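Me: Could you walk me through this model, one question at a time? I would like to start with how its parts meet.

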Amino acid sequence: MIKSIADLPIEGRRVFIRVDFNVPLTPAKGVADDSRIRASLPTIQHAVKRGARVILASHLGRPKGPTPALSLEPVGARLADLLGQEVLLTDEAVGDGARKVVSDLRDGDVALLENVRFFPGEEANDDNFARQLASYADVYINDAFGTAHRAHASTVGMLKYVAEKGAGFLMLKEVEFLGKLLGNVERPYLAVVGGAKVSDKIGVLENLLGRVDAFLIGGAMANTFVKAKGGDVGKSRVEEDKMALARAFLAKADLRGVEVLLPSDAVAATSIDATEGTPVRADKVPADMMALDIGPQAAAGFADRIARARTVFWNGPMGVFEKKPFAAGTLAVAKAVAASRGLTVVGGGDSVAAVNEMGVADQIKHISTGGGASLEFIEGKTLPGIAALEVAE
Ligand code: ADP
Ligand code: MG
């Protein structure tokens, strides 16, 4: 079982919270999107209110050694604004400066360790680095779901050196909602899967095969399926080497009586930079064109299926939603998912961005903050950062 921060004694203790503050920055070194910071506020505020001495740790980007452009300084400043209190940023994740900041903390104070990936020991899960991090912690809390699929020093290595460990509220919510999708849910249960590549999503398709009633497939991955079934996809993006995989999946689904709905029509153009698209049959895309979105018929059909479902998991945009002429399919799906009163969960970096852009995020039951981590969870993989939190009852 995994303990909640709410059930651990944290008053007056040094509580080390691994957060996922890997946020996009602006060129002027500001925070471009603070949703990941906001997502961990309930956990941080809880710890502050209970009088813990809070030590936050995160990575930012993929630095190879200390990189000023990837300092957590702007993140600390934004967090201080959101919390309405000072956040002390250490000069390095470990070392004399960090030790001093941590030992001077009083109850309710918040410190943020500088980017843990400035030390190669983080990603290498180096034991010495893990011990140094652990030396700051009486209690370890992981709230960084987005990094839970990585076995690094701050997500796994340091845990064996800490007496008490548990999960923050964000981590618990992610595990609860994504876990539901792998358990018993109300039916009909649909998986709407799109995005760039079959190869990225085949693990998700396979693991959901025994669970969902139907798959609705869109995005570039639909082209590979359409072509695998003998359709003409013109110069659409396809994965030639995944045809056999797509065919095998369709055969397996057929055997189990699980529907796989491919788009009947597509919005096509001769180039991704075209200012408008043409509706065509999805299996008859002209030779000089590419399918860049699901067509109006498919979008209406998908929306109708979603409206009648009780559980929907959505991962992957239906088209090149970043470009206006090819955003309609993704918008139709986003609206349908938002209108559903059933259990609705959206995961995947680009799908979540689409849902946010389209302004329907607050009508979806759960939006996963983890891109790769949510996919691996739905694939049925054990995430090392979650497994490491398990304690005997
Ligand atoms: P997620 O991050 O939600 O898991 P992916 O990364 O798998 O989603 O896919 C998103 C990308 O797929 C977007 O950049 C989008 O432009 C692209 N895409 C979707 N449909 C098509 C298409 N028909 N042709 C080319 N690219 C597509
Ligand atoms: Mg993506």
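Me: Happy to have it on screen! How much area is buried between domain 1 and domain 2?

Reply: Good place to begin. This is a predicted model, in which local features need pLDDT of at least 70, side-chain atom pairs count only at pLDDT 80 or more, and totals for chains, interfaces and linings use all residues. Residues are numbered from 1 along each chain as its sequence is written, chains are lettered from A and ligands numbered from 1 in the order in which they are written, and side-chain values use heavy atoms, leaving out hydrogens and water. Carbon and sulfur atoms give 63% of the area buried between domain 1 and domain 2 (accessible area, 1.4 Å probe, lost on putting the two together and summed over both), and the total is about 580 Å².

Me: Which residues of domain 1 lose the most area to domain 2?

Reply: Three residues together account for 72% of what the domain 1 side buries. They are Arg36, Phe145 and His149.

Me: How many salt bridges does the rule find across the interface of domain 1 and domain 2?

Reply: The rule asks for a side-chain nitrogen of Lys or Arg within 4 Å of a carboxyl oxygen of Asp or Glu. Across the interface of domain 1 and domain 2, the number found is 0.

Me: Turning to ligand 1, what is the distance from its oxygen atom to an N or O atom in the side chain of Ser351?

Reply: Ser351 is among the residues that come nearest, out of 18 around ligand 1 (a heavy atom within 4 Å). The Ser351 side chain has an N or O atom whose distance from an oxygen atom of ligand 1 is 2.4 Å.

Me: What share of ligand 1 does the protein bury?

Reply: Taken alone, ligand 1 exposes 580 Å² (Shrake-Rupley method, 1.4 Å probe). Of that area, the protein buries 85%.

Conventions: A polar contact is a pair of N or O atoms within 3.5 Å; within protein, one must be able to donate a hydrogen and the other to accept it, and residues adjacent in sequence count only if both atoms are side-chain atoms.
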